[in-house]
Amino acid sequence: MSWSLDLVPLPPCALLGGPPLSGLLWTVLLLFLWYCYRVGSDPPSHSGMLKSSSGRSSFSRSSSRSPVNPIHSAPKASAAITMEAVEDEEGTESYLTPVLSHAPFPTDASAGSRKLYRALQEYAKRYSWAGMGRIHKGLRNQARNNDRPSIQKPHLFYLPDVPSIPFFPRDAHRHDIEVLEASYPKILAEFQAVYQRGIDTKLGWSYPGPKGQTVFPLYTAGVCVVSNCRACPCTYRTLLSLRTFISSNSLGSAGFWLQGPGATLGGAYGPTNTRLRCHLGLQTPAQCELVVGGEPQCWSEGHCLLVDDSFLHTISHNGGPEDGPRVIFSVDLWHPNVAAAERQALDYIFAPEQ
């Protein structure tokens, strides 16, 4: 069956004054339909695929021209672990990126760091590597951090990329500070009752560190001292009401710290920068001073100080025997910049010794 283009009624061309341009218009219409068909049927081109295919073709051509020696082409084994975050062209990385669990640990790491890393691997097998980037990086670089001269140098574990200052404002842990300060009269009364019974190791006291310091611990290295907590029930309940108290790993402690007149604790670093020490002043003579990271501070009775003891710090009591000991209630709280997933992992890694 043949079709005639004259079947379509078209008005005459007024400009040219001639017969209708039916043949020309049909030709343009057919060309437009053919163009639409080609555009719709052609697959979209991806520059990345073209680049990768061209790269593969050039690699195959170069490999065909020059044979590769398998001895020289094998990658060299690296002692250090691969980065836990995927690096882009600029070398940026994110600590939230999952870590490669099969990467080797540095060969020069200490036995303690290897033990902590094995605990991190066990935690990741049970849960996930997601969010463990900073912990992974800190364990790898712990030996290097211990050797570098710095005003902040925790000797057990350093969590990288944690902003910190020697003294933190109250807003960092406002709730816990307000709870402790509100409980100050009860805490002071229970301390005085314990102190009047006498200072003796048989009564729950201990003598850590240099001469002149005495501690009545309620928690030590994440373990509750049951007899001491029973002697101070209100203080114990106050501890349980704190939101950020480190009570589940060996990095956390709480108790009454005494420092006698003339005693000085000089040039010490705390074990980690993942915590802050909250000092509630109970008995604070005027001649007592705390210097952290080169910044001096004094305690005040009934008020709290938030201290990052991973900085180099010095504690001194320059008063006389008539001034009596300096007494504070010390509580270890989580650093506000440590994420919840990291806190859970650190609880597992630094689980208290059974």
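This is a predicted model: local features need pLDDT of at least 70, side-chain atom pairs count only at pLDDT 80 or more; totals for chains, interfaces and linings use all residues.
1. The largest pocket. Its volume is about 510 Å³. The lining comprises 31 residues, and those closest to the pocket centre are P208, Q213, W257, L265 and R277. By class, the lining of this pocket divides into 16 nonpolar, 10 polar and five charged residues.

2. Elements around the largest pocket. Two or more lining residues come from each of strand 2 (213–220), strand 4 (254–259), strand 5 (264–268), strand 6 (275–283), strand 7 (288–292), strand 10 (313–317) and strand 11 (326–334). Strand 2 gives the largest share, with five residues.

3. Strand 2 and its partners. Seven of the eight residues of strand 2 are buried, and the strand is thus described as mostly covered. Strand 2 pairs with strand 4 in the antiparallel sense over six bridges, and F216 stands opposite F256 of strand 4. An antiparallel pairing over two bridges also joins strand 2 to strand 3 (residues 223–224); here T220 stands opposite V223 of strand 3.

4. The hairpin. Strand 2 and strand 3 form a hairpin in which two residues lie between the strands. In the turn, A221 has a positive phi of about 55 degrees.

5. The second largest pocket. This pocket holds about 240 Å³ of space. Its lining consists of K115, L116, R118, A119, E122, S250, Y348, I349, F350, A351, P352 and E353. Helix 4 (111–126) and helix 11 (340–349) each supply at least two of the lining residues, and the largest share, five residues, comes from helix 4. Seven residues of this lining are nonpolar, one is polar and four are charged.

6. A search of the whole structure finds zero disulfides. C229 is in no disulfide, with the nearest cysteine sulfur, that of C224, 3.3 Å away; a disulfide requires two cysteine sulfur atoms within 2.5 Å. The relative accessibility of C229 is 5%, so this residue counts as buried.

Definitions and conventions:
Residues are numbered from 1 along each chain as its sequence is written. Side-chain values use heavy atoms; hydrogens and water are left out. On a 1 Å grid over the protein atoms alone, a cavity is a set of points where a 1.4 Å probe fits but cannot get out, and a pocket is an open set with protein on both sides within 12 Å along at least five of seven lines; lining residues have an atom within 4 Å of a point. Grid points are joined across faces, edges and corners, and a volume is the space filled by probe spheres set on the points. Helices (H or I, at least four residues) and strands (E, at least two) are DSSP runs, numbered from the N terminus. Ala, Val, Leu, Ile, Met, Phe, Trp, Tyr, Cys and Pro count as nonpolar, Asp, Glu, Lys and Arg as charged, and the others, Gly among them, as polar. Buried means under 20% relative accessible area, exposed over 50%, partly exposed in between (1.4 Å probe, protein chains only). Two strands pair if DSSP finds at least two bridges between them.
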